[in-house]
Amino acid sequence: MSLDDFYRQTILDHYQNPRNWGTLENPDITAQDANPLCGDEIRIDINVKDDRVEAVRFSGTGCSISRAAASMLTEAIEGKTLDEVKQINRDDVLDMLGIELGPVRLKCALLALKTLKVGVYGVQQRWPGEEDDE
Amino acid sequence: MRALAPERRVDFVAIRKDFPIFQQSAHGKPLIYLDSTATTQKPVQVLEALDHYYRTFNANIHRGVYAIAEEATARYEEVRGKVARLLNARSEHEIVFTRGTTESINLVAYAWGRKNVGPGDVILLTEMEHHSNLVPWQILAAERGAVLRHIPVDGSGRLDLSGLDKLLEGPVKVVSLTHMSNVLGTVNPVAEIARRAHARGAIVVVDAAQSLPHRGVDVRALDCDFLAFSAHKMLGPTGIGGLYGKRALLDATPPFLGGGEMIREVRLEGSTWNETPWKFEAGTMNIADTIAFGTAIDYLERIGFDAIAEHSKGLVRETMRLLGDIPGVTIYGPPAEERGGIVAFTLEDIHAHDVATVLDHEGVAVRAGHHCAMPLHAKLGVAATARASFYVYNLPSDIAVLAEGVRKAKHLFRR
């Protein structure tokens, strides 16, 4: 995969202009997590109305892959029911990014999903990356 | 001792040809390996030593009386002598083989530490340690009720020794520190710290994982009590390294791991220990890799550690010059004259992973992250840095490609 393929325009765009960036005043759901290996940190705030994601914001620090994945993920869950949000898996995130990732960058890509799951389930699940690894 | 005659020049271009890995490419570009602080590449001589052992005299050591077992034992023990000479130890009995630096420090923390460190005793470390010189002591301190203290790092990436006397007050039992930072490249004044620590009755443990490969080490000049090192960071195989210890200290230290070879006599209800250093080498040791480590030492000594240190310094100067010319690059640590072959840097607020990915596509391998030194990165105020590190197979042309890649990363993320 060439560098331009890896850093596709959409990834750079979400990195430089992250959607739903920021925090919510009194979020119904808030979750934070970090990837200590690379120092990435993320916080996701969600307001829920009629069991649907009415508003979502994220903030934190991270590499382009981690931030772009978070940005795309927040776009994807807007308006979805919490049950639908729970159905989102790692392949959905990788499809959004549209690139191949090695094991280290996979954790960057999945940090937002992991944090989101912690928020909507209220408890920490396994790493999203581990769901399919039996 | 290992100095070269001044007229002899080392041909580092020819040295590179000894390393088969550089015959391949990465992303269609020649591999430029700038992560030798993590592990070094291996010359063909070391690979052949491994192969030769397995093909011609593979046998367990210290046991069989047949020809190949005696050959294997002799060649294994010969490396102990080589390491002792390399470190300027008083005797080969002061060299214990382990899995590497981490295991060596754990050996001291568990075996020496459990016997000698008690409630309220102080363990003095520094803020620039690799996790391998933090975590074993944290475990010991928690188990024995001891107290951890840390020598701070100043803004220039050097140890701040202004408060050392105060840090050495009270029941300080051990001072354990790195000789050369794996992030900043800073070379620490171990001999001075050892002198002051000994005056307070503490022993001194040195992490030489980086300093031994890059500059060579003289344990008598440092006057350290223990010194830990790894073969794979100095052209040798993974899974082998060692611990130097003063003979009297090793003799007074109980075994770390129990099993075969480390015993003199075993009865069902108890055992007596083998003598130093074998009482610390339980089970079948890493024979092949130890023997190949001996070949790596031969190889490095043919180049000469003074020449290696000078070569590294030249590459560091070139890196600091070329990266320093790029607006937005921040280089951490002291000037080239005071560091080994390591340069950690950041590029604006672009994450080190992104810098490393762009460099990877240029064929350049650098490390990105906290390099197993999270407390140091917290002190530097950055979550992650990119780190370029050098060894004998690197050439100034590598640095030019590195700098070009960093410019490319900057361009990519700013367009």
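The close-up views below are taken from a predicted model.

**View 1. Helix 12 and helix 15 of chain B cross at roughly 25 degrees.** Helix 12 of chain B spans residues 305–324, and helix 15 of chain B spans residues 396–414. Their axes come within 9 Å. Because an angle under 35 degrees counts as roughly parallel, helix 12 of chain B and helix 15 of chain B are roughly parallel to each other. Helix 12 of chain B passes helix 15 of chain B in a right-handed crossing. On the side of helix 12 of chain B, the contact is made by Leu315(B), Glu318(B), Thr319(B), Leu322(B) and Leu323(B). Helix 15 of chain B contributes Pro396(B), Ile399(B), Ala400(B), Leu402(B), Ala403(B) and Val406(B).

**View 2. Helix 4 and helix 5 of chain B come within 9 Å of each other, axis to axis.** These helices cover residues 101–116 and residues 135–144, respectively, and cross at roughly 20 degrees. Helix 4 of chain B is therefore roughly parallel to helix 5 of chain B. The crossing of helix 4 of chain B past helix 5 of chain B is right-handed. Among the residues that make the contact are Ile105(B), Asn106(B) and Ala109(B) of helix 4 of chain B, together with Trp137(B), Ile139(B) and Leu140(B) of helix 5 of chain B.

**View 3. Domain 1 and domain 2 of chain B are in contact.** Chain B is divided into domain 1 (12–30 + 304–414) and domain 2 (47–301). The C-alpha centres of domain 1 of chain B and domain 2 of chain B lie 28 Å apart. In the contact, 23 residues of domain 1 of chain B meet 23 residues of domain 2 of chain B. Helix 12, strand 14 (342–347), helix 14 (374–380) and strand 17 (385–389) of chain B each supply at least two residues of the side of domain 1 of chain B that touches domain 2 of chain B. Helix 12 of chain B gives the most to this side, with four residues.

**View 4. The largest nonpolar core holds 150 residues.** Ala69(A), Ala112(A), Val206(B), Leu227(B), Ala296(B) and Val355(B) touch the most other members. Helix 11 (residues 287–303) of chain B provides the largest share of this core, nine residues. At least three residues of the core come from each of domain 1 and domain 2 of chain B. Not counting residues up to four places away in sequence, Ala296(B) touches Val46(B), Ala231(B), Met234(B), Leu235(B) and Gly236(B).

How values were computed. Residues are numbered from 1 along each chain as its sequence is written. Chains are lettered from A and ligands numbered from 1 in the order in which they are written. This is a predicted model: local features need pLDDT of at least 70, side-chain atom pairs count only at pLDDT 80 or more; totals for chains, interfaces and linings use all residues. A nonpolar core is a set of buried Ala, Val, Leu, Ile, Met, Phe, Trp, Tyr and Cys residues joined through C-beta atoms within 7 Å. A residue is buried if 20 or more other C-beta atoms lie within 10 Å of its own, exposed if 12 or fewer, and partly exposed in between; C-beta atoms are placed from the backbone. Domain bounds come from an automatic or database domain assignment. Two residues are in contact if their C-beta atoms, placed from the backbone, lie within 7 Å. Axes are lines fitted to C-alpha atoms, for helices over the stretch in contact, and angles run from 0 to 180 degrees between N-to-C directions. Angles under 35 degrees count as roughly parallel, over 145 as roughly antiparallel, 65 to 115 as roughly perpendicular and the rest as oblique. A crossing is left-handed if the near helix is turned anticlockwise from the far one by less than a right angle, and right-handed if clockwise.
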